[in-house]
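Trainee: I would like to learn how to read aromatic contacts in a model. Where do we start?

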Amino acid sequence: MQFLSWNSAMAAEADRRRRPVRLNASVAVVVAAGLVLSSCQSLFEQAYEPSVAPSRNPQIVDEVQKGDPRAQMGAREHPRIVASYGGEYSDAKTERLVARIAGALTAVSENPNQSYRITILNSPAINAFALPGGYLYVTRGLLALANDASEVAAVLSHEMAHVTANHGIERQRREEAEVIASRVVAEVLSSDLAGKQALARGKLRLAAFSRQQELQADVIGVRTLGEAGYDPYAAARFLDSMARYSQFTSVDPAADQSLDFLSSHPNAPQRVELAKRHARAFGPEGTHGETGRDYYLNGIDGLLYGDSPQEGFVRGQTFLHGQLGIRFDVPPGFQIDNKVEAVLATGPGDVAIRFDGVADNQKISLPNYISSGWVTGLLPDTIRTITVNGLEAATARASADRWDFDITVIRIGPQIFRFLTAVPKGSPALETTAAQLRASFRRITPQEAASLKPLRVRVVTVGSGDTVGTLSARMMGTDRKLELFRLINALGPTSTVTAGMRVKIISE
């Protein structure tokens with residue numbers, strides 16, 4: 001969570017019945033094709049061996065893409081995409097891993113002379129997408145979910161297919177229409193949070209392609225995957241994993257996840273079957289290609305998982321922020337989503353919570369701050385001064401459209417922290433939910449702040465006495481340990497582990 005301005009149209013938050021993913025940051029990797037295969041060679045006989053050495057005449061992606069109008073399109077959108085996901089994830093080991101996978105795919109792609117600028121986004125979202133001119137993006141959340149190199153190769157080959165098939169040209173035409181719509185939104189809702197959200201959603205939709213283009217990219221991607229020497233069935237396998245994860249992270253399993261892979265990449269059992277059918281061109285499952293599991297697990301061991309320290313941490317029903325020195329709890333049954341602009345939580349009965357903070361430069365009284373114009377539908381007679389665990393605070397009620405709101409503001413030094421609780425009109429959950437939030441909000445001690453550590457992917461070897469139960473008990477950051485352990489290791493409900501296997505756990 002960062003400090004951003006907070007405007008009035010908060011019913012949009014309550015309408016969003018999902019657990020949206022959080023936005024973060026990443027690092028760019030440049031991959032260019034350095035291998036030319038003669039037409040008479042069998043691509044099936046090519047085993048990719050990375051050969052890395054300094055070049056006497058190095059080429060950089062900016063030079064390769066100079067004068068390419070498609071690359072210029074991608075360059076214009078690149079800062080917006082990175083900003084939408086909070087930045088870039090910088091980790092040399094992970095970058096080398098992604099470069100190795102992308103390099104193998106580039107050598108056998110539809111256009112081996114195409115250069116690619118690959119950015120690892122520092123987001124726990126499960127996503128990957130492409131922009132014209134060779135701009136590819138993959139989130140660290142997707143890398144954490146994948147179980148081998150072939151699964152990441154399946155995603156990257158799909159996105160490369162969008163580039164080589166020039167799908168960005170159609171996307172550019174949609175961008176022009178999006179710009180017009182965005183201008184209308186900006187004029188109507190220029191000072192409104194909902195307007196800013198609409199603009200942000202418009203920008204992110206620029207990364208999406210049509211269903212026909214997605215299916216075409218599937219065909220090209222699976223073919224490239226197999227020709228690069230990877231397991232061609234990885235595409236179907238990882239589609240299943242992403243669908244399972246989408247259900248796991250959603251308050252409502254049927255709800256949309258606005259920034260994840262499946263929201264912009266249509267997913268259906270038929271699509272999985274199509275991916276398997278394309279893979280069968282290389283032979284029965286298990287007969288062609290490598291998974292690259294060992295070197296992949298080596299590459300993601302220690303990968304940041306979930307929230308980054310700069311945005312605070314979610315631990316079960318609790319949000320903690322060491323740098324701000326605060327914490328609070330949401331009621332049982334609520335799901336917390338720590339986004340860049342705010343902490344959101346959704347729970348039973350269409351109840352929604354938003355928490356953020358602003359700089360307190362004017363030092364006005366908190367009742368005057370509440371009534372200063374940033375709350376629509378404010379009921380002035382309800383404003384009252386209170387204390388929250390010894391901290392100066394104030395509360396008020398508001399009502400708009402179909403929603404009732406509780407507003408609570410709390411001052412700590414030069415900052416004002418703000419809770420908004422939204423419920424359907426007349427719901428008795430308003431007071432109970434808001435009261436629990438207020439009662440739980442407090443400062444944390446320096447010792448508590450120092451003890452907060454980010455979660456990471458840890459790769460461990462199964463011992464002779466280990467079981468799924470004992471290994472999942474070591475998971476941190478979730479109260480659904482067994483379910484998440486099976487999910488991130490692609491284990492079915494009855495799958496077991498054996499000594500010597502390598503598996504992922506989430507811990508500090």
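Mentor: We will go through ring pairs and then charges over rings. Keep in mind that this model is predicted.

Trainee: What describes a pair of aromatic rings?

Mentor: Two values: the distance of the centres and the angle of the planes. This structure holds 13 aromatic pairs. Take Phe355 and Phe417. Their ring centres are 5.9 Å apart and their planes are at 5°, so the pair is stacked. The cut-off for stacked is under 30 degrees.

Trainee: Which parts does the pair of Phe355 and Phe417 tie together?

Mentor: Phe355 lies in strand 11, residues 351-359, and Phe417 in strand 15, residues 415-424. The pair therefore ties together parts 62 residues apart in sequence.

Trainee: Is Phe355 buried or exposed?

Mentor: Phe355 counts as buried because its relative accessibility is 0%. Phe417 is buried too, with a relative accessible area of 0%.

Trainee: What geometry do Phe355 and Phe441 have?

Mentor: That pair is tilted, with 6.1 Å centre to centre and 50° between the planes. Phe441 lies in the loop between helix 15 (429-440) and strand 16 (442-443), while Phe355 lies in strand 11, so this pair ties together parts 86 residues apart in sequence. Both Phe355 and Phe441 are buried.

Trainee: Which residues do ring pairs link into a cluster?

Mentor: Phe319, Phe328, Phe355, Phe417, Phe419 and Phe441.

Trainee: And where does the charged end of Arg418 sit?

Mentor: Over the ring of Trp374, 5.0 Å from its centre. Arg100 lies over the face of Tyr295, at 3.6 Å from the ring centre.

Notes:
Residues numbered from 1 in each chain as written. Predicted model: local features only at pLDDT ≥ 70, side-chain atom pairs only at ≥ 80, totals over all residues. Heavy atoms only, no water. Phe/Tyr/Trp six-rings, centres within 6.5 Å; stacked < 30°, edge-to-face > 60°. Helix = DSSP H or I, 4+ residues; strand = E, 2+ residues; numbered from the N terminus. Buried < 20%, exposed > 50% of the residue type's maximum accessible area, 1.4 Å probe, protein only. Lys NZ or Arg CZ within 6 Å of the ring centre and 35° of its normal.
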